Amino acid sequence: MELKINEEAPLFSLPNQDNAEISLRDFRGSFVVLYFYPKDKTPGCTTEACDFRDSIQSFNKLNAVVLGVSPDSVKSHQSFIEKERLNFTLLSDNQKVVLKSYGAWGLKKLYGKEYEGVIRSTFIINPEGKIAFFWKNVKINGHIEAIKEKLKELGA
């Protein structure tokens, strides 16, 4: 199922790094940058998380909350946040329900082998809870700047 711009973002509630239940509806009135990534503490995912960390002031000024989602455990997220001094929320989707509802779980290829995994994706959800924009198969370099530019275009 492919999500479309201007449709309602699928609602969800997931545990964060402190095992507190976080719901998408908690952020109505703000933009939400919802990004899906494969695994805590891997090189690409660390680079991406640190890019978000280093830009969090800019996102705050744009009335945007950053939420990272992966299938990793709450405990793994705690450790990742501590190690990299991350300053935003990570959500644990170990059942892959939210990943699948956003189309961020699917068939991938590596060295000619096919397997199921996280498709690195980012969604901007507007203050009304609708999908304003999204990127699939994200390339990390320059991605944070592209998100900020898109938020400005959207009136953030």
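Rings of Phe, Tyr and Trp (for Trp, the six-membered ring) pair if their centres lie within 6.5 Å; planes under 30 degrees apart count as stacked, over 60 as edge-to-face, and the rest as tilted. With that in hand I looked up the aromatic cluster, and its members are Tyr-35, Tyr-37, Phe-52, Phe-59, Phe-80 and Phe-88.

**Ground rules.** I'm working on a predicted model, where local features need pLDDT of at least 70, side-chain atom pairs count only at pLDDT 80 or more, and totals for chains, interfaces and linings use all residues. Residues are numbered from 1 along each chain as its sequence is written, and side-chain values use heavy atoms, with hydrogens and water left out.

**Aromatic pairs.** I get 12 aromatic pairs in the structure. Phe-123 belongs to strand E8 (residues 121-125) and Phe-134 to strand E9 (residues 131-135), so the pair links parts of the chain 11 residues apart; helices (H or I, at least four residues) and strands (E, at least two) are DSSP runs, numbered from the N terminus. Next I checked Phe-133 with Trp-135: edge-to-face, 4.8 Å between centres and 70° between planes.

Burial came next: buried means under 20% relative accessible area, exposed over 50%, and partly exposed in between (1.4 Å probe, protein chains only). Phe-123 has 0% relative accessibility, so I log Phe-123 as buried. Trp-135 is at 19% and also counts as buried, while Phe-133, at 22%, is partly exposed.

**Charges over rings.** The criterion is NZ of Lys or CZ of Arg within 6 Å of the ring centre and within 35 degrees of the ring normal. Lys-150 passes over the face of Phe-133, at 4.2 Å from the ring centre. I also noted Lys-96, whose charged end sits over the ring of Trp-105, 5.1 Å from the centre.

How does the chain get from E4 to E5? It goes through helix H3 (residues 74-84), and this β-α-β crossover is right-handed. Right-handed here means that, with the strands pointing away from the viewer, the path from the first strand over the helix to the second runs clockwise.

Then I checked cover. In E4, 6 of its 7 residues are buried. In a regular strand the side chains alternate between the two faces of the sheet. For E5 (residues 89-92) I find both faces covered: Thr-89 and Leu-91 are buried on one side, Leu-90 and Ser-92 on the other.

**Val-33.** This residue is in strand E3, and I log Val-33 as buried because its relative accessibility is 0%. Contact means heavy atoms within 4.5 Å. Leaving out residues up to four places away in sequence, Val-33 touches a list including Phe-52, Phe-59, Val-66, Phe-123, Ile-147 and Leu-151. Ala-64 is another entry on that list; Val-33 and Ala-64 are 31 residues apart in sequence and 6.5 Å apart in space, C-alpha to C-alpha.

**Arg-53.** I was curious about this one: buried or exposed? Arg-53 is buried, because its relative accessible area is 19%. Arg-53 is in helix H1 (residues 43-54). The side chains of Arg-53 and Asp-54 make a polar contact of 2.8 Å. A polar contact is a pair of N or O atoms within 3.5 Å; within protein, one must be able to donate a hydrogen and the other to accept it, and residues adjacent in sequence count only if both atoms are side-chain atoms. Beyond neighbours within four places in sequence, Arg-53 contacts Glu-84, Arg-85, Leu-86, Asn-87 and Phe-88.

**Asn-16.** I found Asn-16 in the loop between strand E1 (13-15) and strand E2 (21-23). With a relative accessible area of 7%, Asn-16 is buried. Setting aside neighbours within four places in sequence, Asn-16 is in contact with Ile-22, Val-74, Thr-89, Leu-90 and Leu-91.
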